[in-house]
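Me: I have a structure to go through. Can we take it piece by piece, starting with a helix contact?

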Amino acid sequence: MPPSAEQLAEVLAARGLRLTRQRRAVLSAVAAAESTMSPVQVFDAARAFCPELGLTTVYRTLDTLSEAGALRRIHGTEHCDGFVPAGPKHGHTVVCSACGLASEFTDCDLSGIAIAASRQTGYVITDHFLQLTGLCARCAATRQSATEE
């Protein structure tokens, strides 16, 4: 279950940030999101709560939440990043290429890949990022029914 605006506020407070009206608007927009949102989409949604919100505040707030592990950065098409709420465990995302819906999965064992990458490159692997792309069940069913017509 995605974190609420209150839970996201706790993340910012724990990092010593004041919970301004602008930041609360960003948190509300993120918590209400049903799929991946770009910073500009968060900005547009948050301005409904706080018309004087600046885009810089949106970027800084999203970056802080991402660094704290409350949001996961999603790499979208055309090099446009988006964000989705992250669960408390280490996880990764599967993103629907049609509608942008993102789902989290936590069952990943990439140790064999990390060892192979380390051997081949000489790097000491310390972390990893994994994102899969496909069609969610709804979009796959829609596509299937369209091809059957």
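Me: Which residues in helix 1 meet helix 4?
Reply: Leu8, Val11 and Leu12 of helix 1 meet Thr61, Thr64 and Leu65 of helix 4. Contact here means heavy atoms within 4.5 Å. Helices (H or I, at least four residues) and strands (E, at least two) are DSSP runs, numbered from the N terminus.

Me: How many nonpolar, polar and charged residues does that contact have?
Reply: The contact of helix 1 with helix 4 has four nonpolar residues, two polar and no charged ones. Ala, Val, Leu, Ile, Met, Phe, Trp, Tyr, Cys and Pro count as nonpolar; Asp, Glu, Lys and Arg as charged; the others, Gly among them, as polar.

Me: What is the model, and what goes into the values?
Reply: This is a predicted model: local features need pLDDT of at least 70, side-chain atom pairs count only at pLDDT 80 or more, and totals for chains, interfaces and linings use all residues. Residues are numbered from 1 along each chain as its sequence is written, and side-chain values use heavy atoms, with hydrogens and water left out.

Me: Back to the helices. At what angle do the axes of helix 1 and helix 4 cross?
Reply: The axes of helix 1 (residues 5-14) and helix 4 (residues 55-67) cross at roughly 85 degrees and come within 10 Å. Axes are lines fitted to C-alpha atoms, for helices over the stretch in contact, and angles run from 0 to 180 degrees between N-to-C directions. The two helices are therefore roughly perpendicular to each other, a label for angles of 65 to 115 degrees.

Me: Is threonine 64 buried or exposed?
Reply: Threonine 64, in helix 4, is buried, with a relative accessible area of 15%. Buried means under 20% relative accessible area, exposed over 50%, partly exposed in between (1.4 Å probe, protein chains only).

Me: Which residues is threonine 64 in contact with, neighbours within four places aside?
Reply: Threonine 64 is in contact with Leu12, Arg15 and Leu17.

Me: New topic. How many disulfides are there?
Reply: The count is zero, taking a disulfide as a pair of cysteine sulfur atoms within 2.5 Å. Cysteine 50 is buried at 0% relative accessible area, while cysteine 108 is partly exposed at 22%.

Me: And the whole chain, how many helices and strands?
Reply: The protein chain has six helices and five strands. From the N terminus, the elements run α-α-α-α-β-β-β-β-α-β-α. Of its 149 residues, 30% count as buried.

Key. Angles under 35 degrees count as roughly parallel, over 145 as roughly antiparallel, 65 to 115 as roughly perpendicular and the rest as oblique.
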